[in-house]
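Here are a few exercises to work through with the model open beside you. Try each task before reading its solution.

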Amino acid sequence: MASALDASVTLEDVLTVVAAKRVPLAPELAGYLVLEVADGADPMGGAVEPRSVFIGDEGSVAVVRARRAEPSAQDAEASARSLLARLLEAGGSTTPALTATSRRRSTGGLRALATEIESALIPVNRAAGRRALARLAREVKRVTQGVGRNATASPVSRRDEPRADAPAAPTREPAPRHAERWDEPASPLLVPD
């Protein structure tokens, strides 16, 4: 499983790249991501941290972390709600239902949170959500690896930059004077005698 995790991106990577506006994140996709976290996290495992959530190229989401002493179900739910709020903020757009879900106090654990998110995402289409998560993971990976259209921070691409060893561009002769009006000739007419 280590190789699958190595090929994945973390939620921490997603938050960084989305907050930098390098990859867009729709609010519904943030909801699907936290829904997968709520389904995959240990309800008694304590707070969910972004660096412990892995998103695979196929759209799978895994929550991996070491056990801690005395974690509570409220910690897991509160941290998942906090992750939803952070994703919505980083993405720059939201929906009223998802915003309300992210701001609500703990209500009864991760299962209750998953039910709230499903209600906010009506109609729920988990297969489409996983396909969108797979695209998100691939785009974030491209940015973090410096590959693809969103990889460069500068708006100027390398092919537009002048090379140091390139010859200077040739200068052009000024264009001939054109008529300023449609009825004036651009050059004097030669009339034969």
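**Exercise 1.** Is arginine 51 buried or exposed, and what is its relative accessible area?

*Solution.* Start with the ground rules. This is a predicted model, where local features need pLDDT of at least 70 and side-chain atom pairs count only at pLDDT 80 or more, while totals for chains, interfaces and linings use all residues. Residues are numbered from 1 along each chain as its sequence is written, and side-chain values use heavy atoms, with hydrogens and water left out.

Next, the cut-offs: buried means under 20% relative accessible area, exposed over 50%, and partly exposed in between (1.4 Å probe, protein chains only). Arginine 51 has a relative accessible area of 51%, so this residue is exposed. Its side chain also meets that of glutamate 49 in a salt bridge, at 2.8 Å from N to O. For that term, look for a side-chain nitrogen of Lys or Arg within 4 Å of a carboxyl oxygen of Asp or Glu.

**Exercise 2.** Find where the salt bridge between aspartate 57 and lysine 141 sits, and sort out how accessible each partner is.

*Solution.* Begin with the pair itself: the two side chains come to 2.9 Å, N to O. Now place the partners. Aspartate 57 is in the loop between strand S2 (53-55) and strand S3 (61-63), and lysine 141 is in helix H7 (residues 126-145), so the bridge links distant parts of the chain, 84 residues apart. Helices (H or I, at least four residues) and strands (E, at least two) are DSSP runs, numbered from the N terminus.

Then check accessibility. Aspartate 57 has 31% relative accessible area and is partly exposed, whereas lysine 141 has 16% and counts as buried.

**Exercise 3.** Describe how helix H3 packs against helix H6.

*Solution.* Two packed helices are described by the angle between their axes and the distance between the axes. For H3 (residues 27-40) and H6 (residues 110-120), the angle is about 155° and the axes are 9 Å apart. Axes here are lines fitted to C-alpha atoms, for helices over the stretch in contact, and angles run from 0 to 180 degrees between N-to-C directions.

H3 and H6 are therefore roughly antiparallel to each other; angles under 35 degrees count as roughly parallel, over 145 as roughly antiparallel, 65 to 115 as roughly perpendicular and the rest as oblique.

Now list who touches whom, with contact meaning heavy atoms within 4.5 Å. From H3 come Gly31, Val34, Leu35, Ala38 and Asp39, and they meet Leu110, Arg111, Leu113, Ala114, Ile117 and Glu118 of H6. Sorted by type, the residues of this contact are seven nonpolar, one polar and three charged. The sorting rule: Ala, Val, Leu, Ile, Met, Phe, Trp, Tyr, Cys and Pro are nonpolar, Asp, Glu, Lys and Arg are charged, and the others, Gly among them, are polar.

**Exercise 4.** Which residues are linked with Glu118 in a network of salt bridges?

*Solution.* The network takes in Glu36, Asp39, Arg111, Glu118, Arg126 and Arg130. Zoom in on one pair: the side chains of glutamate 118 and arginine 126 meet at 2.8 Å, N to O. Glutamate 118 is partly exposed at 21% relative accessibility, and arginine 126 is partly exposed with a relative accessible area of 21%. The count of salt bridges comes to twelve.
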